[in-house]
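Hello,

Here is the structure we talked about handing over. Please open it and keep it in view while you read my notes below.

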Amino acid sequence: MSRMSSREPKQDRSRATRQRLLEATIDCLADQGWEATTVTAAAQRAGVSRGAAQHHFPAREDLITAALEHMFDARMAEIRAESTRLPEGPGRTEFVVSRVVDHYTGELFKAALQVWTAAAADPSLRERIVPLEAKFGRTVHQTAIELLGADDTDPTTRRLVQATLDLARGLGLADVLTDDSARRQNIVTQWAATLHAALPQS
């Protein structure tokens, strides 16, 4: 029993260290970019030793891909949890559009954009990132379909949801250098109304 109890706090500390590293990596990418986001920089921001960071993530690419995937999964879980008490109708559609746009204008997207840009010029990094980006795209699409309560087998629905994701990515890019929030909110409201009217009604 004592041996088990002594292992548990150690495992808890290890999980907490890993969590801090992942969150610090996303912050570092979003704030400082790809080149500045090293294992050492993430460890310093997380308040852990370089040795502890390298124990969890021997290479920078391991750390960054793990951070992107972890934070993406956490964000999708948050969105699903928020949607449990939504009304039907236009309010639900606007919620979904807003959350998709929030995803593409948040820190995670800004961090991912740094990595995608680096991967475009680095074949070995690209091999790791392309499957991850494909997974993110599929998951966001499927999450939007689920939250809308829409029929993904309908071609019109699929195209409309994909257009929503493409719109959100564009708004995310527009927000990288300057605060585009005021204009963005008007677009979200208008597109949500357009989307709701255009989606085939079940």
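**What I found**

Of the 202 residues in the protein chain, 40% are buried. Keep in mind that this is a predicted model.

Start with the overall build. The protein chain has nine helices and zero strands. Read from the N terminus, the elements run α-α-α-α-α-α-α-α-α. The C-alpha atoms fill a box of roughly 60 × 45 × 30 Å along the principal axes. Now take the contacts between residues at least 6 apart in sequence. Of these, 67% join residues at least 24 apart.

Next, the core. The largest nonpolar core holds 54 residues. Leu21 and Leu68 have the most contacts inside this core. Eight entries make up the list of helices that give it two or more residues: H1 (2-32), H2 (39-46), H4 (60-82), H5 (90-105), H6 (107-120), H7 (123-148), H8 (155-174) and H9 (181-198). H7 gives the most, with nine residues.

Which residues does leucine 68 touch, not counting those up to four places away in sequence? They are Ile26, Leu108, Ala111, Ala112, Val115, Trp116, Leu132 and Phe136.

Look at H6 next. Its buried residues are Leu108, Phe109, Lys110, Ala111, Ala112, Val115, Ala118 and Ala119. H6 has 14 residues, and at 1.5 Å a residue it should span 20 Å. The end C-alpha atoms of H6 are 20 Å apart, so the two values agree.

Then find H7 and H8. Two packed helices are described by the angle between their axes and the distance between the axes. The axes of H7 and H8 come within 10 Å and cross at roughly 120°. The crossing is right-handed. On the H7 side, the contact is made by Gly137, Val140, His141, Ala144, Ile145 and Leu148. H8 brings Thr157, Arg158, Val161, Gln162 and Leu165. By class, this contact has six nonpolar, four polar and one charged residues.

Last, arginine 184. You will find this residue in helix H9. Is arginine 184 buried or exposed? Its relative accessible area is 13%, so it is buried, since buried means under 20%. Arginine 184 touches Val101, Thr105, Leu171 and Asp175, leaving out residues up to four places away in sequence.

Best wishes

Terms used
Residues numbered from 1 in each chain as written. Predicted model: local features only at pLDDT ≥ 70, side-chain atom pairs only at ≥ 80, totals over all residues. Heavy atoms only, no water. Core = buried A, V, L, I, M, F, W, Y, C linked by side-chain atoms within 4.5 Å. Buried < 20%, exposed > 50% of the residue type's maximum accessible area, 1.4 Å probe, protein only. Helix = DSSP H or I, 4+ residues; strand = E, 2+ residues; numbered from the N terminus. Contact = heavy atoms within 4.5 Å. Expected span 1.5 Å × (residues − 1). Axes fitted to C-alpha atoms, helices over the stretch in contact; angles between N-to-C directions. Left-handed = near helix turned anticlockwise from the far one by under 90°. Nonpolar A, V, L, I, M, F, W, Y, C, P; charged D, E, K, R; others polar.
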